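Dear colleague,

I am passing on the structure we spoke about, together with some notes on what came out of going through it. Please read the notes with the structure open beside you.

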Amino acid sequence: MADYAAQQATHSPRYAAVEADLESGVVARRGKTVMVAGEGCWMIDSEGNRYLDLTASQGVAMLGYGHPRLATAIADQARRLHACPGFFNNDSRARFLEALIGVTPAHLRHAFIANSGAEAIDGAIKFARLATGRTGIVAAKGSFHGRTIGAVSLTWNPKYRRPFEPLLPGVSHVKYNDRAALEAAISDKTAAVVLEVVQGEGGVHVGEADFLQEAQSLCRKRGALLVIDEIQTGFGRTGQWFGFQHFALQPDMIALAKGVGAGFPMGAIVYTDRVQEALYVGAHGSTFGGNPLACAAGLAAIQTYQNEHLIERAHRAGQHLRARLEEALAGNRVVREIRGPGLMIGIDLRTKVGPYLKRLMVEQRVLTLPAGSTVLRLLPPLIIDDDEIETGVAAIAAALAQ
Ligand SMILES: Cc1ncc(COP(=O)(O)O)c(C=O)c1O
């Protein structure tokens with residue numbers, strides 16, 4: 001890996017310039033660093049610098065980088081059959097579906113395979129319309145569900161929504177954790193209530209059990225579907241397979257992405273018999289959805305979560321990381337609160353988070369994410385070990401001490 005980085009080092013100014021010139025520019029770049037490789041929880045840039053990645057590339061690389069089982073599964077499948085249309089059965093797709101349905105609760109036993117989180121949300125909106133014959137959607141203030149026109153209609157932040165109006169009609173946003181607001185918003189026109197159990201992008205805000213259970217019971221009473229967006233919280237991130245399991249919920253549909261392929265681009269919707277009964281040939285589709293390479297990655301990811309006991313490990317590592325952060329940041333006047341389950345942790349600051357992200361990357365070589373304007377968000381790979389936790393905690397404490 002270091003050799004590869006060294007080979008690329010002389011090219012790095014050119015790579016950064018090419019991206020600045022030719023890429024859309026809609027995503028803010030963090031300086032001119034060019035990432036070229038990864039090993040476990042570490043990313044390596046073209047100068048050979050190693051960064052402890054406490055973000056897992058936006059919460060996707062659950063197995064870290066270069067995990068042999070994931071890499072081998074993708075390479076073997078690429079040699080055998082790297083594309084296969086949805087109108088043929090495929091061994092890789094069938095094995096992935098069995099594994100996926102094997103780890104979701106028994107009442108969620110059908111799946112549609114998509115390519116990203118936003119696509120999973122768009123599919124869930126369509127399926128909810130078909131299953132209920134209604135069009136209303138209730139989402140939450142502070143939510144993030146993606147950037148396609150359908151998903152951005154459910155996303156709360158006006159910065160993402162406004163420039164693209166008019167959006168999907170019939171969408172309302174209730175205050176998160178406000179039961180009375182739910183009671184007022186869910187009606188006999190509501191097709192679905194779409195919620196995150198922990199709002200990630202919105203600031204790592206944890207849902208209250210009463211609120212989430214009330215959403216479920218109002219959906220049942222009024223004939224709407226409960227759709228849980230597990231795109232960030234799924235596959236061990238919160239210390240359970242899925243975040244809704246902390247709250248004993250029985251959603252009608254869950255939207256998945258990120259951890260489903262451990263970094264390979266894919267998404268999925270998993271849902272009940274009631275939803276399946278409303279579907280028909282041609283109701284939905286995707287050229288790439290269910291691609292054999294993605295399914296090989298997804299199968300390897302699920303098998304590795306199981307074989308390496310990574311869900312339990314994420315629970316323990318999350319408790320340890322949180323306890324160490326609380327110790328190291330005790331008395332720090334910049335820190336307002338530390339919150340979040342498992343390996344999904346938000347450090348809420350009394351000030352803007354931007355300069356700290358930069359300082360952590362440039363001075364400490366530790367990668368972190370923002371969530372909203374004041375929260376430092378940690379979404380490390382599930383394989384993070386105790387030494388890496390210590391390195392991360394020391395770096396965060398040093399950066400926040402300045
Ligand atoms: C909760 C949640 N929903 C949806 C999405 C959108 O997923 P994608 O970027 O794969 O479209 C994200 C992405 O960060 C997310 O965190």
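Is Ala 262 buried or exposed? Please keep in mind throughout that this is a predicted model. Ala 262 counts as buried because its relative accessibility is 4%, which falls under the 20% limit used for that label. Ala 262 sits in the loop that runs between strand 11 (253-256) and strand 12 (267-271), and, leaving aside residues up to four places away in sequence, Ala 262 touches Val 60, Ala 61, Met 62, Leu 63, Leu 70, Ala 301 and Tyr 305. Ala 224, by contrast, lies 38 residues from Ala 262 along the chain, and the C-alpha atoms of these two alanines are separated by 32 Å.

The ligand may be what you wish to look at next. The residues around the ligand are Ser 116, Gly 117, Ala 118, Phe 144, His 145, Gly 146, Glu 196, Asp 229, Ile 231, Gln 232 and Lys 258. Among them, Gly 117 has a backbone N or O atom at 2.8 Å from an oxygen atom of the ligand, and a polar backbone atom of Ala 118 likewise lies 2.8 Å from a ligand oxygen. Lys 258 takes part through its side chain, where an N or O atom is 2.9 Å from an oxygen atom of the ligand. On its own the ligand has 390 Å² of accessible area, and the protein covers 79% of this.

As for the cysteines, the structure holds 0 disulfides. Cys 84 is in no disulfide, and the nearest cysteine sulfur, which belongs to Cys 295, is 9.6 Å away, whereas a disulfide would need the two sulfur atoms within 2.5 Å. Cys 84 is buried, since its relative accessible area is 16%, and Cys 41 also counts as buried, in that case because its relative accessibility is 1%.

Finally, a few words on helix 15, which covers residues 386-401. Asp 385 caps the N-terminal end of helix 15, with a side-chain oxygen placed 3.1 Å from the backbone nitrogen of Asp 387. The buried residues of helix 15 are Glu 388, Ile 389, Gly 392, Val 393, Ala 395, Ile 396, Ala 397, Ala 399 and Leu 400.

How values were computed:
Residues numbered from 1 in each chain as written. Predicted model: local features only at pLDDT ≥ 70, side-chain atom pairs only at ≥ 80, totals over all residues. Heavy atoms only, no water. Buried < 20%, exposed > 50% of the residue type's maximum accessible area, 1.4 Å probe, protein only. Helix = DSSP H or I, 4+ residues; strand = E, 2+ residues; numbered from the N terminus. Expected span 1.5 Å × (residues − 1). Polar contact = N/O pair within 3.5 Å; in protein donor to acceptor, adjacent residues only side chain to side chain. Contact = heavy atoms within 4.5 Å. Near = heavy atom within 4 Å. Areas by Shrake-Rupley, 256 points an atom, 1.4 Å probe, with all protein chains shown as cover.
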